[in-house]
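Thank you all for coming.

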Amino acid sequence: APLVPVEAGQDANLKCSSLQGNPEPQIYWTRQNHKFRDGRTKMMGSEIKLINVNRRDSGVYTCHGDNQWKYIANDTVRLEVQHAPEIAQHETFIHTREGEEVEVTCVVHAVPPATVEWYKNGQKLHEESNVIYDSHNRHTLALSNVGSLKNNHYGKYMCRAVNKFGEASKTTEVSGRAKSVIYKSSPDGEDFSEYLLQWWTQSNSKVLQFRVDYKKSTGSEMDWSEEYVLPHESSQEQEDTYSGEIILNDLDPGVEYVVKIESKNDYGWSDHRNLFKFSTKAKHAAKYPDNDEKVHDKPKSEPSVSGAPATKPYLLFTLLSLVLFGVCGHL
């Protein structure tokens, strides 16, 4: 199929050659193995215009001419959207233990193809002394015997991709520190002034303690309160899993708080990537009648009807309703 190159951000016009037939054919476009942006499987007309194209618009487009005869005429073109590199990562944090093998991978989308380089803690890595291999747009850095004295592979690894339209980079950290915690508590508190906070984390090295910081969501960076918590005695629910809990006291009712938790093991403190927000239960003011209204006072007497003794208002309303209903029934 003919190749039609276009730069990302520009418009692409695809026009079908003049098709003749008797009766006159109906002309429409389809995409190979894809739908159009709006979800349609075909677009009518001999010409289509793609506005502000991106890499996802690349592919094979086919123009069809159909006049309900036995043969459908087709004409195909391949649209190539040229663009700066875009990188997708499988993981931004790889938690590992000493002696393990790790692969750091970046999937690079770029037209024309990009040149990919690897860096560790800002220093460029060379293929002569590192295991680097590519498969199509998948670029991988292999690390063996992580954490040993000979191969201290812990650190931050960056893959950098460059072509004539620009560049992109992504960073993955390989560490023996614990993973970010996962919160188990509900964000909706059940008490006005205290809250039970529960969480867990995964660590190949024993977790020694947790550090819990919390403050009101509206508070400043100077308002953090700090607590230290030991892992729960029965926290190791499965291998390399640790949990903790704490009751936060002296909280204000109906207020949102934000929490960050770090875990400490033999490799240091983890990052508090996952912030958590919760709210205490709000106190709703009870509605009471005004002081001058006496709820238990007896109601004032109402004038009698046809000499009848005074009655309560709701009885009077009932009698009047019956009278009115009877009058209306005779009209």
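This is a predicted model: local features need pLDDT of at least 70, side-chain atom pairs count only at pLDDT 80 or more; totals for chains, interfaces and linings use all residues.

**The pocket, the sheets and the salt bridges**

Let me begin with the largest pocket, which is lined by 15 residues, and among these Val108, His109, Ala110, His136 and Asn137 lie nearest its centre. A pocket here is found on a 1 Å grid over the protein atoms alone, as an open set of points with protein on both sides within 12 Å along at least five of seven lines, where a 1.4 Å probe is used and lining residues have an atom within 4 Å of a point. The elements that each give two or more residues to the lining of this largest pocket are strand 7 (73-89) and strand 9 (102-111), and the largest share, four residues, comes from strand 9. The volume of the largest pocket is about 350 Å³, where a volume is the space filled by probe spheres set on the grid points, which are joined across faces, edges and corners.

Residues are numbered from 1 along each chain as its sequence is written, and side-chain values use heavy atoms, with hydrogens and water left out.

Now to the chain as a whole, which has one helix and 23 strands; both are DSSP runs numbered from the N terminus, helices being H or I with at least four residues and strands being E with at least two. Of its 331 residues, 34% count as buried, and buried means under 20% relative accessible area, whereas exposed means over 50% and partly exposed lies in between, with a 1.4 Å probe and protein chains only. If we take contacts in the chain with a separation of 6 or more, residues 24 or more positions apart account for 63% of them, a contact meaning heavy atoms within 4.5 Å.

Next, the sheets. Strands of a sheet pair through backbone hydrogen bonds, either parallel or antiparallel. For the pairs I describe, two strands pair if DSSP finds at least two bridges between them.

What is the strand order in the open sheet of five strands? The order is 8-15-14-10-11, with mixed pairing, and the edge strands, each pairing on one side only, are strand 8 (93-95) and strand 11 (123-124). Strand 8 runs parallel to strand 15 (residues 166-175), and three bridges join them; the bridge partner of His95 in strand 15 is Ser175. Strand 10 and strand 14, by contrast, run antiparallel and are joined by six bridges, with Ala161 in strand 14 as the bridge partner of Val116. Strand 10 is also joined to strand 11, again antiparallel, by two bridges, and Lys120 stands opposite Gln123 in strand 11.

Strand 16 pairs with strand 17 (residues 195-202) over two bridges, and Ile182 stands opposite Trp200 in strand 17.

Finally, the salt bridges, of which the structure holds ten; each is a side-chain nitrogen of Lys or Arg within 4 Å of a carboxyl oxygen of Asp or Glu. Asp57 forms one with Arg37, and their closest N and O atoms are 2.6 Å apart. Asp57 sits in the loop between strand 5 (47-50) and strand 6 (59-66), while Arg37 sits in the loop between strand 3 (26-31) and strand 4 (42-44), 20 residues apart. Is Asp57 buried or exposed? Asp57 counts as buried, because its relative accessibility is 3%.

Arg160 and Glu117 meet in another salt bridge, at 3.2 Å from N to O. Since Arg160 lies in strand 14 (residues 155-163) and Glu117 in strand 10 (residues 115-120), the pair ties together parts that are 43 residues apart in sequence. Arg160 has 23% relative accessibility, and therefore counts as partly exposed.
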